[in-house]
Amino acid sequence: MSDTEIKKIILPLQISVRTLAEKIETSPIEVIKVLMANGVMASINQNIDFDTAAVVASELGFEPELEEKIETKPEDLGEIPFWRRVIADEDEKNLVARPPVVTILGHVDHGKTSLLDALRETNVAAGEKGGITQHIGAYQIKHKGKKITFMDTPGHAAFTSMRARGAQGADIVILVVAADDGVMPQTREAANHAKAAQVPIVVALNKMDLPSANPDLAKRQLAEIGLVPDEWDGDTIIVPVSATKKQGLDDLMEAILLVADNMDIRANPKGEVLGTVVEGELDRFRGVLATLLLQNGTIKMGDTVLAGKAYGRIKAMFDYRGTRIEKAGPSTPIEIMGLNDVPHAGDLFRVVESEKKARSIVAELEISEKTAIKPTKVSLEDLFEKMQAGETQELRLIIKADVQGSLEPIVNSLEELGEEHPEVSIVILHQEIGNISENDVMLATASDAIVIGFAVEADNAAERLAEKEGVSIRLYSIIYDLLEDVEKAIKGMLKPEMVARVTGRANVLATFSVSRFKVAAGCRVIDGVIRRNGRMRVIRDAQVIYDGEIGSLKREKEDVREVREGFECGIAMRNFHDFEVGDLLECYILEKETL
């Protein structure tokens, strides 16, 4: 083939064998043959890196070029935190560089706290139960005259909790990966949480001193989750370190400062005082203690702080060493005494003119919370309407499945569906094996995503949090139904589902004859409210033996619309007469799913 006949082909950093075959218009078998001839064994659905794909393309008569990476805008995956917007509105001449705030995330036992311990040369890990981080801490260290603020958290859930409250505290994430263990489930989760929060990632490849360390394998695994090493023409800095031997720490600090230099990390020390609550606790002897991370302005002794709904005048202020201080500037972690209540991690705080003003703001906040209509998250049912209104062009998904064999075809099919419908971009933020957890819902809250489960269940805690935060959880047992629903949602053809919402439960204490419905049940309401316009399930020996309409609901011989917990009533069903003492009656109403 002559040079004029060579076709150019644009390839990404990662591509599956199947997709590569389609791009170069040949069969996957032909691609696999070329791979085998070059000593690479890969299945049809397996991803290969650009260099490997380029070899295949070249041998089959193509000139490969690396696809240019399209930068994602900060606003693409969620709202910019409030404090960042305030700083953006500050007068440019008042802004000065502030220390970068770094959060350390990673899989359990990969050495997060040991690494921080080595960096700041104190012995935090040894004093913690079982060597596992028990609380959130914030610390500041110096490297070559420049300060860096570190937040050590129990995990990505706490990090995402801040993001979900609009208070994203970190500028940079260090993802700790053990070189002997590689990428683990929590590594993937932590990386996805950092991506959803739009925070750059520096990988610390820890435990390099161990004989079992396999850095090349770890790097390949990192590339598979989208963290391609810079030495492979990617954009992720990977620094080999050993926390126990204190090796590679200077390189890690240099990497942090390098990333920070490429970011606009500034604040106004004379501007509005605001920041994020890192943690709060009630101390037996000192009262309410709050650890705060200042992000703009300068806080001083005697200032009145409003943090969420907690407020109070600062009676004492300490730096991360426990030393009393009089004031603190941007990116400084401090501990204060004087609040009337314990604030929540992730709450925003600010300085107000007086406690009277703080009380007034809290009162207004409570009134607005009672009267406000809770904003709804994106659901499949309303996706089309939001697209038509120009509110969204992305469908962000978190996928959980029972086995890897189910997860891969679901993800591949959804990606193909996205290619068929370019009007909406399908973004899979996280994919994992196992039941839907509270952590999945927290990530969905932080990034306005929908949680989809295949052949799995949602934990009770996850269901409660989803209901509270308005997160949509959809469960499927057939892949075709899942894909069909997503496609219908994109086309605006998906009808709202009717869901059963339980309003109350009652125990049958006695039965008696009535003229109209033959038999009625004398009951005590043990939970919630029994409603006359609801439907009723009759449950016996943990089995539903009847499900139908309520015929009559009486309280002291009077017809009533509802009976609340703790009261007795008489219940008759339209087409069921075989009540037994001990039956459980479950009242529910059907309503359109509002997720």
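Helix 13 (residues 438–447) and helix 14 (residues 460–469) bring their axes within 8 Å of each other and cross at roughly 20 degrees. Axes here are lines fitted to C-alpha atoms, for helices over the stretch in contact, and angles run from 0 to 180 degrees between N-to-C directions. Helices (H or I, at least four residues) and strands (E, at least two) are DSSP runs, numbered from the N terminus.

This is a predicted model, where local features need pLDDT of at least 70 and side-chain atom pairs count only at pLDDT 80 or more, while totals for chains, interfaces and linings use all residues. Residues are numbered from 1 along each chain as its sequence is written, and side-chain values use heavy atoms, with hydrogens and water left out.

**The helix pair and its surroundings**

- Helix 13 and helix 14 are therefore roughly parallel to each other (angles under 35 degrees count as roughly parallel, over 145 as roughly antiparallel, 65 to 115 as roughly perpendicular and the rest as oblique).
- Their crossing is right-handed, a term for the near helix being turned clockwise from the far one by less than a right angle.
- On the helix 13 side, the contact (heavy atoms within 4.5 Å) is made by Glu438, Val441, Met442 and Thr445.
- Helix 14 contributes Ala461, Ala462, Leu465, Ala466 and Glu469 to that contact.
- Serine 437 sits in the loop between strand 23 (425–433) and helix 13.
- With a relative accessibility of 19%, serine 437 counts as buried (buried means under 20% relative accessible area, exposed over 50%, partly exposed in between, with a 1.4 Å probe and protein chains only).
- Setting aside neighbours within four places in sequence, serine 437 touches Lys400, Asp459 and Ala462.

- Four strands form an open sheet in the order 23-22-24-25, with parallel pairing (two strands pair if DSSP finds at least two bridges between them).
- Strand 23 and strand 25 (473–476) stand at the edges with a single partner strand each, so one side of each has no neighbour in the sheet.
- On average, and ignoring direction, neighbouring strands of this sheet are turned by 25 degrees against each other.
- Strand 22 (residues 394–401) runs parallel to strand 23 and is joined to it by eight bridges.
- Within this pairing, leucine 395 has isoleucine 426 of strand 23 as its bridge partner.
- Helix 12 (residues 404–420) packs on the sheet, where it touches strand 22, strand 23 and strand 24 (450–454), and its direction makes about 175 degrees with that of strand 23.
- Helix 13 also packs on the sheet, touching strand 22, strand 23, strand 24 and strand 25, and its direction makes about 175 degrees with that of strand 22.

- Another open sheet has seven strands in the order 17-16-21-13-14-20-18, with antiparallel pairing.
- Its edges are strand 17 (310–313) and strand 18 (316–318), each with a single partner strand, so one side of each is left without a neighbour in the sheet.
- From one strand to the next, the twist averages 30 degrees.
- Three bridges pair strand 13 with strand 21 (residues 348–352) in the antiparallel sense.
- Glycine 275 has phenylalanine 349 of strand 21 as its bridge partner.

**Salt bridges**

- The structure holds 20 salt bridges (a side-chain nitrogen of Lys or Arg within 4 Å of a carboxyl oxygen of Asp or Glu).
- Glutamate 335 and arginine 286 form one of them, at 3.9 Å from N to O.
- Glutamate 335 lies in strand 20 (residues 333–337) and arginine 286 in the loop between strand 13 (274–283) and strand 14 (287–296), so this pair ties together parts 49 residues apart in sequence.
- Arginine 286 is partly exposed, with a relative accessible area of 38%.
- Arginine 535 pairs with aspartate 547, and their closest N and O atoms are 3.6 Å apart.
- Arg505, Asp527, Arg535, Arg537, Asp547 and Glu586 are linked in a network of salt bridges.
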